[in-house]
Amino acid sequence: MTGGHMGQRIQGTEDLYGGYMRSWERMQDIARHLFGTYGFDRIETPAIEQVDTFVHGIGESTDVVRKEMFRVFSGALMEDLLASGSEAGLKPRQRMAMRPEGTAGVVRAAVEHNFVPQGAAPAKMWYAEAMFRGERPQKGRLRQFHQVGVEWLGASDPAADAESIIMLMQFFKELGFDTSRLKLMINSMGDAECRPAYREKVKQFILDHADRMCDDCIERAEINPLRAFDCKNESCQAVMKDAPLISDNLCDDCRAHYEQVKAYLDAAGIAYVEDPTLVRGLDYYTRTVFEVEALDAGIGAIGGGGRYDGLMELEGGKPTPGVGFAVGFERIMLALAAQGIETDIAAPCCVYVATTSAEEAREAFSVVLALRGAGIRTEADRTGRSLKAQFKQADKLGAKLCVVLGPDEVAAGVATLRDMTTHEQIQVPADRLVEEVRQRLA
């Protein structure tokens with residue numbers, strides 16, 4: 001390439017290919033099957049939504065909305081923006097962002113398409129998509145990352161909370177985790193009845209100890225005091241150890257709901273730790289919240305979720321309860337590796353069709369098509385290699401069998417079938433070849 005600039009991926013993004021891509025596909029296959037047994041169907045919402053969808057849902061005051069959202073503008077709009085220096089003149093539909101998480105978009109779709117009409121059965125959906133956040137890239141934290149998540153809209157019963165958690169833990173098990181080395185934490189965040197008074201208590205507590213709190217936390221006290229529990233500053237952590245806890249401030253309904261969720265988890269034999277300081281980073285959660293950490297992986301949560309009974313209303317719908325969770329693909333891969341679990345999935349086995357010279361090309365071409373027509377993954381040389389080099393190539397591709405065609409085979413209407421592991425060879429009549437290959441692969 002002369003004088004051109006070599007394209008490079010943006011920092012904090014990854015190319016998914018080979019074994020890593022097969023791992024992402026496997027995660028989706030496990031999700032499709034497992035979540036399907038619980039009655040969930042797949043949904044895909046646009047990667048790009050109106051900014052308001054996220055502001056209403058996730059909350060104006062969250063870091064996600066304030067600092068991390070990638071804003072999107074068309075080329076023509078960009079010129080206007082640069083000229084005017086402000087987006088004040090933009091219509092809501094011109095203010096767009098890449099989705100930083102999955103729930104708000106699904107709930108927006110549920111409102112727009114009326115997924116849960118009055119008196120209808122709940123809507124149960126799962127997704128597997130890329131998310132986008134303008135973070136400082138670091139281990140387990142990317143600007144484009146992938147999540148598998150579920151949303152269950154229209155069920156207020158604590159059994160729905162428990163089933164979501166049970167399904168999540170089963171998902172981790174099927175991915176290959178040693179679940180005894182996973183820590184499930186649960187808490188209740190209260191609801192519109194009891195949370196406002198509690199938030200006020202925490203706000204007051206932060207202001208009373210302002211001299212030992214960081215500037216961020218003092219700012220949080222006004223907008224979202226509960227975020228102070230998550231502050232990484234050691235001084236703040238020390239102060240917050242004595243802050244009032246939501247568990248002591250729940251209303252009767254929330255307490256009853258929480259006790260019921262725990263009873264269902266106990267009945268299912270799910271081990272959990274109650275963490276009264278657990279608050280999820282998005283404003284829309286109510287009542288049950290949960291998070292799963294891989295012990296000794298050093299990357300924080302690998303999944304989490306909770307109940308969000310007020311979100312449908314925030315997105316313009318009728319009051320509708322909801323519960324869901326999301327897990328991060330890249331973090332799960334790091335956590336599996338930390339547990340010493342083999343994550344690189346080998347390419348599926350294939351059959352290689354080799355020829356001794358160019359003369360057999362047409363017969364080989366027909367054999368390749370016949371094998372593929374029978375649903376068998378088949379490769380052949382398209383670069384003019386010698387027979388020895390073709391065998392090497394077959395090994396590299398992980399071929400289990402090699403079909404060899406030379407002038408003698410073609411003349412006799414047979415093919416030589418070579419087992420690439422044992423190197424034994426047999427001759428098979430051309431019309432029985434596909435059947436023979438199929439049996440040997442099985």
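Residues are numbered from 1 along each chain as its sequence is written, and side-chain values use heavy atoms, without hydrogens or water. Because the model is predicted, local features need pLDDT of at least 70 and side-chain atom pairs count only at pLDDT 80 or more, whereas totals for chains, interfaces and linings use all residues.

A pair of aromatic rings is described by the distance of the centres and the angle of the planes. Rings of Phe, Tyr and Trp (its six-membered ring) were paired if their centres lie within 6.5 Å; planes under 30 degrees apart count as stacked, over 60 as edge-to-face and the rest as tilted. By this rule, 7 aromatic pairs were found. The ring centres of Phe35 and Phe325 are 6.0 Å apart and the planes stand at 75°, so this pair is edge-to-face. Phe35 belongs to helix H1 (residues 18-37) and Phe325 to strand S11 (residues 322-328), and the pair thus links distant parts of the chain, 290 residues apart. Helices (H or I, at least four residues) and strands (E, at least two) are DSSP runs, numbered from the N terminus.

Phe40 and Trp152 form an edge-to-face pair, with 5.8 Å between centres and 85° between planes. Phe40 and Trp152 are each buried. Trp152 also has the charged end of Lys124 over its ring, 4.2 Å from the centre; this description requires NZ of Lys or CZ of Arg within 6 Å of the ring centre and within 35 degrees of the ring normal. The charged end of Arg418 likewise sits over the ring of Phe391, 4.5 Å from its centre.

Two strands pair if DSSP finds at least two bridges between them. Ala415 has Val428 in S16 as its bridge partner. S15 and S16 form a hairpin with 5 residues between them, and His423 in the turn has a positive phi of about 65°.

The largest cavity is lined by residues including Asn187, Met189, Tyr198 and Leu226.

Conventions. 1 Å grid on protein atoms, 1.4 Å probe; cavity = no way out; pocket = protein on both sides within 12 Å on 5 of 7 lines; lining within 4 Å. Buried < 20%, exposed > 50% of the residue type's maximum accessible area, 1.4 Å probe, protein only.
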